[in-house]
Structures are given as C-alpha cells and as structure tokens.
Amino acid sequence: MRTSLSGRDFLSMRDLSRDEIGELFERALLMKADPLKFSTSLRGRTLAMIFEKPSLRTRVSFDVGVNQLGGHAIDLSPDISLGRRESMLDVAKNLERMVQAIMIRTYAHDNVVQMAEFASIPIINGLTDFSHPCQALADYLTMLEVKGQLAGLRVAYVGDGNNVAHSLLFGAAQLGVHLTVATPPGYEPADEVTAWAAEEATRTGAVCRVVHDPMEAVRDAAVVYTDVWASMGQEAEADARRRVFLPFQVNAALFGHASPNAIFMHCLPAHRGDEVTSEVIDSDRSVVYRQAENRLHVQKALMFGLMR
C-alpha cells in the first residue's frame, strides 16, 4: 500500500481514509486472485482473538486469513473473561508483549476503545454494538466487484439502524456512495453517525439519507441490503421487533421496486421469513455468500497492513 497502516487500530470505518480504503481493496483483490503470493507475509506473527459473542464468519475468516498469510491465531475465548477475571488494562499489557495484534468481538464499543488505549499493538474491531467495520469493508468490496464502481452507486439499507447500518453510513460517506437507510420510527441510526456522515458527504459527493418508507429507499436502487431485526443481545425484544419491522421485510414485492439489475446483500446470519424471504436471499441476484467470502480477503489485506 502507498499509505502505511502499520501499528494502527481499526475500530471504525472512520479510522481509514477514502484513499486507504481504496488501497486496501486493491490489496484484497490481489490476495484473492493470487493467495500463494502472500503466503509468508505474516510469518512469525500472531493474532489474539477474543470473542464475547458467538461467531461463524468472523472466527473462521480471521483464523484462516492469518494462517494463509503465514501467521498464527490464538482463540482466547472463553477463558479470558474480559474485564471480569482480569482487568482490561492487564489483558492489554500482557498480550502486547506476546502477540502482534488483537481482534475483539464484543458487546460494548467502549471495550475496544479501552483496549486500543491500553495496548501498544493494533486492535481490530470484530463487531461491537456500535460498529461492524470489517463487515462494511467486505460489503463495499463486494459492491465494487459486482457493480464496477462505488461512487454514485445507489444503495438501500432496509431494517434496524444498528451497527451494520452505522458502518455502511460511515463507508458510504467516505466512498461517495448514495445510501438511503429505511427504518421504523425510533430505530434510526445514532445521531452522531448520521451527523458525521452528513458532514463527510459534503466532501465526497455522497448522499446519505434516513427515511421511514422502505419503498422510497428501495426504488431504483442498485443494491438492497438488510440485517436481522433483533441482533445478539436483543433476543428478549424479538417478538415486539417482529411486529414493528414486518413492513420492512425484503420480499419479492419490495425488491421488485429496485433496479432490474439490483443485487441483494445481507451480512448473515439471516432469518428467512423475517427480514428477508427465501425467494430473495436464495435468488440468483443474491450475493450474500460472496459477501461472506470477501470477509476473508479484505481482512487479510487489513492484517497485512496493520501487523507488518
């Protein structure tokens, strides 16, 4: 990469500039095309992984990714009991002497912020209740692959204004993507996210909006994206949320208002029959498994940059 990410943290899409994201995508596509060329890039380096939430894609993509680069991953879950068995400060100060980076998938965003403050090695946000930046990197890389360009691309996100919506908004504002988020009233993205996106958008030409009509968001969109209505930790709200979010289900009727060449995206896991119907997610216009695979490639590029 022409810019250096060495030693930096990645807690949010805001931590990378537009140029850095572009260079990261170039590296990820090179790694995807010729993985053996980079097979010793992180030889002798170790990634510590801390999981407080269940994981499929994050666990496998980071573990396999660092191994494909010649490095090694250690899964510290559940023994570490972050902040309970041992303080965040002590965990950080121990690990920084033994490994070259830490990936954390946790609930409170403040956990990754604190770890980044205490540790002198790169901290990677594998998911928090505020942000899911690695997912957004894979999402925009997938859109770039399928649609050929990001600037001016019309994207509709339909559903909860959650961590995924936050990260898509951060990325859209930086990359010049026109993103419309459709949520029920009361479930909008955080004000600090929309304010930051609005300010950044004036610089890049992006148009970032939040509306309450899913049809308005989807109409003529090139990409339609949704996520679960009740995220991990919100299971007790699932029934109430199902009633509120039902008009926001991405089904054939709603998807039919998108561009004829529109693609469907979902960060997974998906609840078929809730936020999306099988006829949409299992259709030939769905790219959800390509999205999942791109977690591997873009995170390899990220670790390559941070851990060298």
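**Helices 6 and 7**

I started with helix 6 (residues 163-175) and helix 7 (residues 191-204) in this predicted model. I found that they pack at an angle of about 15 degrees, with axes 7 Å apart. Angles under 35 degrees count as roughly parallel, so I noted helix 6 as roughly parallel to helix 7. I also looked up the handedness, and the crossing of the two helices is left-handed.

Next I asked myself which residues make the contact. From helix 6 I listed H166, L169, F170, A173 and Q174. Helix 7 brings V193, T194, W196, A197, E200, A201 and T204. Sorted by class, I have seven nonpolar, four polar and one charged residues in this contact.

**Aromatic pairs**

How many aromatic pairs does a search of the whole structure find? I got eight.

One of them joins F130 and F170, and I logged this pair as tilted, with 6.2 Å centre to centre and 55 degrees between the planes. I then checked where the two residues sit: F130 is in the loop between strand 4 (123-127) and helix 5 (133-147), while F170 is in helix 6. They are 40 residues apart, and the pair links distant parts of the chain. Are F130 and F170 buried or exposed? Both are buried.

I looked at F255 and F264 as well, which form an edge-to-face pair at 6.4 Å centre to centre, with 85 degrees between the planes. Both F255 and F264 are buried.

My last entry is a cluster: Y187, W229, F245 and F248 form one aromatic cluster.

Technical notes:
Residues are numbered from 1 along each chain as its sequence is written. This is a predicted model: local features need pLDDT of at least 70, side-chain atom pairs count only at pLDDT 80 or more; totals for chains, interfaces and linings use all residues. Side-chain values use heavy atoms; hydrogens and water are left out. Axes are lines fitted to C-alpha atoms, for helices over the stretch in contact, and angles run from 0 to 180 degrees between N-to-C directions. Helices (H or I, at least four residues) and strands (E, at least two) are DSSP runs, numbered from the N terminus. Angles under 35 degrees count as roughly parallel, over 145 as roughly antiparallel, 65 to 115 as roughly perpendicular and the rest as oblique. A crossing is left-handed if the near helix is turned anticlockwise from the far one by less than a right angle, and right-handed if clockwise. Contact means heavy atoms within 4.5 Å. Ala, Val, Leu, Ile, Met, Phe, Trp, Tyr, Cys and Pro count as nonpolar, Asp, Glu, Lys and Arg as charged, and the others, Gly among them, as polar. Rings of Phe, Tyr and Trp (its six-membered ring) pair if their centres lie within 6.5 Å; planes under 30 degrees apart count as stacked, over 60 as edge-to-face and the rest as tilted. Buried means under 20% relative accessible area, exposed over 50%, partly exposed in between (1.4 Å probe, protein chains only).
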